[in-house]
Amino acid sequence: MTYNLATLLSDVKAGHRLTPDEGEFLMKTTGRDVFLVTAAADEMREKKVGNIVTYVRNQNLHVTNICKNLCGFCGFGKKATDPGAYCMDRATIQKGVRLAQERNVTEICFLSGVNPAFNLDSYIDLLTAVHEIAPEIHTHAFSPEEVAFAAKRSRCTTADVLAAFKKAGLGSLQGTAAEILIQPVRDVICPRKVTGAEWARIIREAHKMGIPTSATIMYGSYESARDQVDHMEIVRQIQDETHGFTEFIPMSYIHPNTPLFVSGIGKPGATGREDLLMIAVSRLYLDNFDHVQVSWGKLGLKMTQLALLCGGDDLAGTMFTDEVSVDAGAGDASYLPPETMERLTKDLGRTLRQRTTLYELV
């Protein structure tokens, strides 16, 4: 379906809520019209959050790369018998926590494979290992996939798992493992993961239990523009119901070392046009979100700066390491100093501010 772009963007800025058909139309914008979409999104960003660009001082802990899923889009996960497979012991994890303290980190983020040897007690032990050393650090950990897996392994409900995580000190649940929530796409790119419907159910369950989560999309691998918008529609409906999402995080597919691309099934990632439109259309479509994050480790710094002109308002975190992106083929996704963030934002006439995981300014 075709729309008058200027009229549609004017309507959106006046409060019109985009339909999936309209969202798909915007996603398919080409030529200089792309800049009309990104400009409208930047206006919406300014209206929502002003000229502040935020970041969190965080550190990733890659506990294990052993994974039961071995998704086609991932170059990180391994079988337990593969060369280079690892699983950190408690002492190594706590060494990482002490290093996080030295770096004045306010958030520790677990990024790991779904180790088939883990159960609920394993995940609780990870949380305990952090809080024994640094109870003041927020733990942003685990995904609906890991919640479902822990429940299955320990023969309990996902609500039981979430309650146990919360009791053990979980600060917020990761909205990862979403990829594309449309099932025919999941059947190709991540067939061993929870279904899109189960992901949404567990997210709703977490929100109702007072556990905030992020929301993510991994785009550019196999899906269509309509799949991307239908994914956003699911997320927008959940946010309408629960108001439990802290931000929306578009993650561009890093393709070079992934089975999906090597096999010829997957695309060679998103184009620059698609990257900028993903930020812009998500800002316009997700009218019930305040924050749209720019994943600098996946876009690179110059594209990241441009994304901040397309509706993005958050630079994620310092991270210190992102083995998942690096193993997939991202050249420089390990650490972004706040000084570099400051240079990027000041150059745009914006103000950089440190935040907590839950978007309180520091």
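The lining of the second largest cavity in this predicted model has six nonpolar, two polar and one charged residues. Those residues are Val63, Phe110, Ser112, Gly113, Phe118, Tyr123, Leu126, Phe142 and Glu146. About 40 Å³ of space lies inside this second largest cavity. How many cavities of 30 Å³ or more does a search of the whole structure find? The search finds three.

Now take the strands β3 and β4. Strand β3 covers residues 107-110, and Phe110 is one of the residues that line the second largest cavity. Strand β3 pairs with β4 in the parallel sense, over three bridges. Cysteine 109 has histidine 140 in β4 as its bridge partner. In a regular strand the side chains alternate between the two faces of the sheet. Strand β4 spans residues 138-141, and both of its faces are covered. On one side sit His138 and His140.

Next comes an open sheet of three strands. Their order is β8-β1-β9, and the pairing is parallel. Which strands stand at the edges? They are β8, residues 314-317, and β9, residues 351-355. Each has a single partner strand, so one side of each is left without a neighbour in the sheet. Neighbouring strands here are turned by 20° against each other on average, with direction ignored. Strands of a sheet pair through backbone hydrogen bonds, either parallel or antiparallel.

Look at one pair in this sheet. Strand β1, residues 52-56, pairs with β9 in the parallel sense over five bridges. Within this pair, valine 53 stands opposite leucine 352 in β9. A helix also packs on the sheet: α16, residues 338-347. Helix α16 touches β1, β8 and β9. Its direction makes about 145° with that of β9.

Which of the elements gives the most? Helix α12 does, with four residues. By class, the pocket lining has six nonpolar, three polar and five charged residues.

Helix α2 covers residues 20-27 and contains glutamate 24. Is glutamate 24 buried or exposed? The cut-off for buried is under 20% relative accessible area. Glutamate 24 has 17%, so it counts as buried. Leaving aside residues up to four places away in sequence, glutamate 24 touches Arg226 and Val229.

Glycine 264 lies in the loop between α11, residues 259-262, and α12. The cut-off for exposed is over 50%. The relative accessible area of glycine 264 is 58%, so this residue is exposed. How far is glycine 264 from arginine 192? They are 72 residues apart in sequence and 20 Å apart in space, C-alpha to C-alpha.

Conventions: Residues are numbered from 1 along each chain as its sequence is written. This is a predicted model: local features need pLDDT of at least 70, side-chain atom pairs count only at pLDDT 80 or more; totals for chains, interfaces and linings use all residues. Side-chain values use heavy atoms; hydrogens and water are left out. Two strands pair if DSSP finds at least two bridges between them. Helices (H or I, at least four residues) and strands (E, at least two) are DSSP runs, numbered from the N terminus. Axes are lines fitted to C-alpha atoms, for helices over the stretch in contact, and angles run from 0 to 180 degrees between N-to-C directions. Contact means heavy atoms within 4.5 Å. Buried means under 20% relative accessible area, exposed over 50%, partly exposed in between (1.4 Å probe, protein chains only). Ala, Val, Leu, Ile, Met, Phe, Trp, Tyr, Cys and Pro count as nonpolar, Asp, Glu, Lys and Arg as charged, and the others, Gly among them, as polar. On a 1 Å grid over the protein atoms alone, a cavity is a set of points where a 1.4 Å probe fits but cannot get out, and a pocket is an open set with protein on both sides within 12 Å along at least five of seven lines; lining residues have an atom within 4 Å of a point. Grid points are joined across faces, edges and corners, and a volume is the space filled by probe spheres set on the points.
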